[in-house]
Amino acid sequence: MGMKFSVCTVDRPLPMATPFPLRGTSYEECAAVASRLGYDGIELQVQDPSLYDAKELRAMLNRYGLGCSAITTGLAYLYEGMSMVHPDEKIRLATVERLHRQLDLAKELDSQILIGYLRGRKSPGQTDQEFEDILTDSVARVLAYAEEIQTPMVMEQINRNDGDVFCSTERTMSFLEKFHSDWLLYNGDTYHMVTEDPDVPAAIRRSLSKLVLFHVSDEGRLLPDDKHFNFHEAAAVLKEAGYSEWVSIEARPTPTSFECTRRGLEYLRRVFG
Amino acid sequence: MIEKLSFGEPFLETHYLENENAFTIPGCCLLMNLDTEKSVLAENEFSVPPLSAAKLCDAQIDVPGKALLVFGSDTVDLNDLLTLDCLRSAWKSNWELTHLDKHRGVPYYKSPRVTVGGVTMNFCLVADPDCPSGIHREHGKPVKELHMQVVGEGAVDLLRSEHPSTVFASLPLSAGTVHIPEWNAEGIYPWHRYRSVTRSIFLGIEI
């Protein structure tokens, strides 16, 4: 079985700089385009799951023959200031609660939640260990619910410009492994790897035991152009390992949302297929 | 010939012996006779039959076939949560190795595999007591499968069908024992499973 191809979608207007190629006024609109182009699934940006009817979403995706590669959670960080490491415990607990509801939605869609930005940033003067301790507590609370409802929770590596401490594949994997849970998994991302992982094939091999989502994104969050990053080498490692989970296009919607989405799939089929 | 193997490191030290005479075991270890025909002789007195195991201390052994020595099983305390965490960090869960849904959340953690002298082996930690493996009778390829208990207590159950209520025999295992072969003359197995009684480590052996 080969890899499953997906595209990051969003159902509301966001700045062009955000790396979500396929945009619409509803997820049905996005699904119609993705399905017609031939994607296997779409990745949803969901700030507040209470605004969605999970069963309707599920039925809609079924109609278009699409899976959901992940429910991505970062909009709650960007637009509400939620964070898993917020100094205010009330906000931390509200973030955990929000993630529980994200897990409920993901379960209905037979999918998984993805945590990137929502894990939050270090506070001024905070040590790496203090940051890790607080994040560990929040992750454990979310993970307990993920295990209870048997729905995967996926965490992303984020490079030093956009995140703290868990920037490289090795550091992120080591953090995830200390929870000893098959429900806590890993999202590799070429955009972050290019800054943080000097040996990309080795980093991908290191992550294979927990890798369930692989974001394809070039420098500047653009579509791959084969000038900056060796996507062929990355694809070869995944193929050699028999990787059969999701590979998603995460890029700015240039020159247009449709063109970016179309060219993204073309590239995935050519290099990862 | 003696070869030190690394697949149990840093928790268990293993040595593979083949056609080795008058070898004196330094201290205590578990011996698994991997040969299907030849016995291992200890102190010229006691014979460990083919596909059998024993705990030996400071004994001189003759290995006309092949055998594995496992050192350190006495020092692994699976009720010590730090030790348990270290093992679970170093060895991969079944799901991490296969990504099969049926393996998700199953507390079986496997060491790297090694193949030597035509025998493939790995250690498996079962991190919870009273936790059975999947019930199976096929192994993907024709192999002779054995489980040697290394730490804790376990058992291999034989069943009439895939249903867990159909157990008709249990082969108890304590550290330093291996069950009798389950396969018949045609190499066919009954439905079977490994089951931990306490938290345990066993050595999976495929010949």
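Select Pro255(A) first: in this predicted model, Pro255(A) sits in the loop that runs between β9 and α10 of chain A. The bond that links Thr254(A) to Pro255(A) is a cis peptide, its omega being near 0 degrees. Most peptide bonds are trans, and most residues other than glycine have a negative phi.

**Helix α10 of chain A**

Proceed to helix α10(A), residues 257-272. From first to last C-alpha, its 16 residues reach 22 Å, close to the 22 Å expected at 1.5 Å a residue. Which residues of α10(A) are buried? Select Ser257(A), Cys260(A), Thr261(A), Gly264(A), Leu265(A), Tyr267(A), Leu268(A) and Phe272(A). These residues lie on the same side of α10(A), because the arc they cover around the axis is only 160 degrees. Colour Arg269(A) and Arg270(A) separately: both are exposed, on the face of α10(A) turned away from the buried side. To see what covers the buried residues of α10(A), display chain A elements including β1 (4-10), α1 (27-37), β8 (211-216) and α9 (231-240). The cover also includes β2 (22-23) and β9 (246-249).

**From Arg121(A) into helix α5**

Select Arg121(A) next, in the loop of chain A between β5 (113-115) and α5 (128-149). Is Arg121(A) buried or partly exposed? Arg121(A) is partly exposed, since 17 other C-beta atoms lie within 10 Å. A distance drawn between the C-alpha atoms of Arg121(A) and Phe131(A) reads 8.3 Å, with the two residues ten apart along the chain.

Follow the chain into α5(A), where the 22 residues should span 32 Å at 1.5 Å a residue; the end C-alpha atoms are 31 Å apart, which agrees. Now mark the buried residues of α5(A), namely Ile134(A), Leu135(A), Ser138(A), Val139(A), Val142(A) and Ala146(A). An arc of only 125 degrees around the axis holds them, so they fall on the same side of α5(A). Covering these buried residues are elements of chain A that include α4 (89-108) and β6 (153-156). On the face turned away from the buried side, select the exposed residues Gln129(A), Asp133(A) and Glu148(A). Just after α5(A) comes Gln150(A), which has a positive phi of about 55 degrees.

**Val165(A)**

Continue to Val165(A), in the loop between β6 and α6 (169-177) of chain A. Val165(A) is not a glycine, yet its phi is positive, at about 65 degrees. Val165(A) counts as buried because 21 C-beta neighbours lie inside 10 Å, and the cut-off is 20 or more.

**The nonpolar cores**

Which residues touch the most other members of the largest nonpolar core? In this core of 73 residues they are Ala34(A), Ile42(A), Ile71(A), Ile113(A), Met153(A) and Val154(A). Centre the view on Ile113(A): leaving aside residues up to four places away in sequence, the residues it touches include Ala70(A), Ile71(A), Leu99(A), Leu103(A), Met153(A) and Val154(A). Thr73(A), Gln102(A) and Ala106(A) are also among the residues that Ile113(A) touches. A second, separate core has 47 residues, among them Leu30(B), Tyr108(B), Met121(B) and Val178(B).

**Chain A as a whole**

Zoom out to chain A, which contains ten helices and nine strands. Its radius of gyration is 17 Å, close to the 19 Å that the globule rule gives for 273 residues, so chain A is as compact as a globular protein of that length. Along the principal axes, the C-alpha trace of chain A spans about 45 × 45 × 35 Å. Of the 273 residues in chain A, 49% are buried.

**Across to chain B**

At the interface, eight residues of chain A are in contact with nine residues of chain B. The chain A side consists of one nonpolar, two polar and five charged residues.

Chain B has two helices and 16 strands. The radius of gyration of chain B is 17 Å, close to the 17 Å given by the globule rule for 207 residues, so chain B is as compact as a globular protein of that length. Buried residues account for 34% of the 207 residues in chain B.

Select Pro10(B), in the loop between β1 (2-5) and β2 (13-24) of chain B. The peptide bond between Glu9(B) and Pro10(B) is cis, with omega about 0 degrees. End at Asn19(B), in strand β2 of chain B. Asn19(B) is not a glycine but has a positive phi of about 45 degrees. Asn19(B) is exposed, with 11 other C-beta atoms within 10 Å.

Conventions: Residues numbered from 1 in each chain as written. Chains lettered and ligands numbered in written order. Predicted model: local features only at pLDDT ≥ 70, side-chain atom pairs only at ≥ 80, totals over all residues. Contact = placed C-beta atoms within 7 Å. Nonpolar A, V, L, I, M, F, W, Y, C, P; charged D, E, K, R; others polar. Helix = DSSP H or I, 4+ residues; strand = E, 2+ residues; numbered from the N terminus. Expected span 1.5 Å × (residues − 1). Buried ≥ 20, exposed ≤ 12 C-beta atoms within 10 Å, placed from the backbone. Arc of directions from axis to C-beta. Rg over C-alpha atoms; globule rule 2.2 N^0.38 Å. Core = buried A, V, L, I, M, F, W, Y, C linked by C-beta atoms within 7 Å.
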